[in-house]
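Work through these exercises with the model open beside you. Try each task before reading its solution.

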Amino acid sequence: MKALTANRLIDGEVVFWRDGAWVEQFANAQLFDDAAAGEAAVETAKAAYTEIVEPYLFDVTEFEGVTVPVSYRERLRALGPTNEPTHGKQAQ
């Protein structure tokens, strides 16, 4: 499975693709089981370069019934900074 991410140009916020729009929470991200559908979403997202920077797909997996990013980098992007649990997306 994969999800699509990018950074929003106006404020640098990490965003995730969901049915043709960008959302801020990883939990709301659209998941792609089909590689062709994921690549099509990337191409559609690239058309929005006036809003976002460098969209790309990343691997996700299910762990204890919850979908999570596979790589540590993407976990950080999904949850926010690790310096303080009251900062960033993990505080929400």
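**Exercise 1. Which residues do ring pairs link into a cluster?**

Ring pairs link Phe16, Phe26 and Phe58 into a cluster. Before going on, note what is being read. This is a predicted model, in which local features need pLDDT of at least 70 and side-chain atom pairs count only at pLDDT 80 or more, while totals for chains, interfaces and linings use all residues. Residues are numbered from 1 along each chain as its sequence is written, and side-chain values use heavy atoms, with hydrogens and water left out.

Step 1. Rings of Phe, Tyr and Trp (its six-membered ring) pair if their centres lie within 6.5 Å; planes under 30 degrees apart are stacked, over 60 edge-to-face, and the rest tilted.

Step 2. Search the whole structure. Four aromatic pairs turn up.

Step 3. Classify one of them. The ring centres of phenylalanine 16 and phenylalanine 26 are 5.6 Å apart and the planes stand at 70°, so this pair is edge-to-face.

Step 4. Phenylalanine 16 sits in strand E2 (residues 14–18), and phenylalanine 26 in the loop between strand E3 (21–23) and strand E4 (31–32), so the pair ties together parts that are 10 residues apart in sequence. Helices (H or I, at least four residues) and strands (E, at least two) are DSSP runs, numbered from the N terminus.

Step 5. Check burial. Both phenylalanine 16 and phenylalanine 26 are buried. Buried means under 20% relative accessible area, exposed over 50%, and partly exposed in between (1.4 Å probe, protein chains only).

**Exercise 2. Describe the strand order and the hairpins.**

Step 1. Count the elements. The protein chain has two helices and six strands. Along the sequence, the pattern is β-β-β-β-α-β-β-α.

Step 2. Pair E1 with E2. These strands are antiparallel, with three bridges; two strands pair if DSSP finds at least two bridges between them. Asparagine 7 has valine 14 as its bridge partner in E2. Five residues lie between the strands of this hairpin, and glycine 12 takes a positive phi near 80°.

Step 3. Pair E2 with E3. Three bridges join these antiparallel strands. Phenylalanine 16 has valine 23 as its bridge partner in E3. The hairpin has two residues between the strands, and aspartate 19 takes a positive phi near 50°.

Step 4. Pair E5 with E6. The two run antiparallel over four bridges. Valine 60 has proline 69 as its bridge partner in E6. Here too the task is to find the turn: two residues separate the strands, and glutamate 64 takes a positive phi near 50°.

Step 5. Return to E2. Four of its five residues are buried, so E2 is largely enclosed by the rest of the structure.

**Exercise 3. Is threonine 44 buried, partly exposed or exposed?**

Step 1. Locate the residue. Threonine 44 lies in helix H1.

Step 2. Apply the cut-offs. With a relative accessible area of 48%, threonine 44 is partly exposed.

**Exercise 4. What is the volume of the largest pocket, and which element gives the most to its lining?**

Step 1. On a 1 Å grid over the protein atoms alone, a pocket is an open set of points where a 1.4 Å probe fits, with protein on both sides within 12 Å along at least five of seven lines; lining residues have an atom within 4 Å of a point. Points are joined across faces, edges and corners, and the volume is the space filled by probe spheres set on them.

Step 2. Read the volume. It is about 160 Å³.

Step 3. Read the lining. The largest pocket is lined by 11 residues, with Phe26, Ala27, Thr67, Ala78 and Leu79 nearest its centre. E6 gives the most, four residues.
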